Amino acid sequence: MISILVVDDSQVMRNIVKNTFAQMKIPFACLEAENGKKALQLLGANEVSMVFLDWNMPGMDGIEFLKCVRSIPKYEKLPVIMITSERGKFSVIEALQSGATDYIVKPVQEKIFREKVHEIMVLMR
């Protein structure tokens, strides 16, 4: 079973990610956080297979979270997919340079979500 962590200050967006993942018929457990600080706490206390991460959140944003997570050797290869409304070329570059595994622009298109998750799941095997 895969354990996912969905980090977004929007409950609606967290539900969209969970529902889309569930439609893929992959057994999973889900943890949720509304910002990077809470996500770090959950990550430290739980085994997580994959993270879905928003950029703009109060307290600790997605880029700060990424930089913090990537500084911990245990999480160097943890798959982190940014799901954000930040769509500029420089934003994508910043996210990838900060450690994002992949990048999805909101509104999330189910086909793209499925493709990105499938690609990462293949790499996890």
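**View A. Leu-43 and its contacts.** Leu-43 touches Leu-5, Val-48, Phe-65, Val-69, Tyr-75 and Leu-78, leaving out residues up to four places away in sequence. Contact here means heavy atoms within 4.5 Å. The model is predicted: local features need pLDDT of at least 70, side-chain atom pairs count only at pLDDT 80 or more, and totals for chains, interfaces and linings use all residues. Residues are numbered from 1 along each chain as its sequence is written, and side-chain values use heavy atoms, without hydrogens and water.

**View B. The largest nonpolar core.** This core has 24 residues. A nonpolar core is a set of buried Ala, Val, Leu, Ile, Met, Phe, Trp, Tyr and Cys residues joined through side-chain atoms within 4.5 Å. Buried means under 20% relative accessible area, exposed over 50%, and partly exposed in between (1.4 Å probe, protein chains only). Among the members that touch the most others are Leu-43, Phe-65 and Met-82. Strand 1 (2–7) and helix 2 (36–45) are among the elements that each supply at least two residues. Helix 3 gives the most, with four residues. Helices (H or I, at least four residues) and strands (E, at least two) are DSSP runs, numbered from the N terminus.

**View D. Ser-91 in helix 4.** Ser-91 sits in helix 4 (residues 89–98). Ser-91 is buried, at 15% relative accessible area. Beyond its neighbours within four places in sequence, Ser-91 contacts Trp-55, Glu-86 and Tyr-103.
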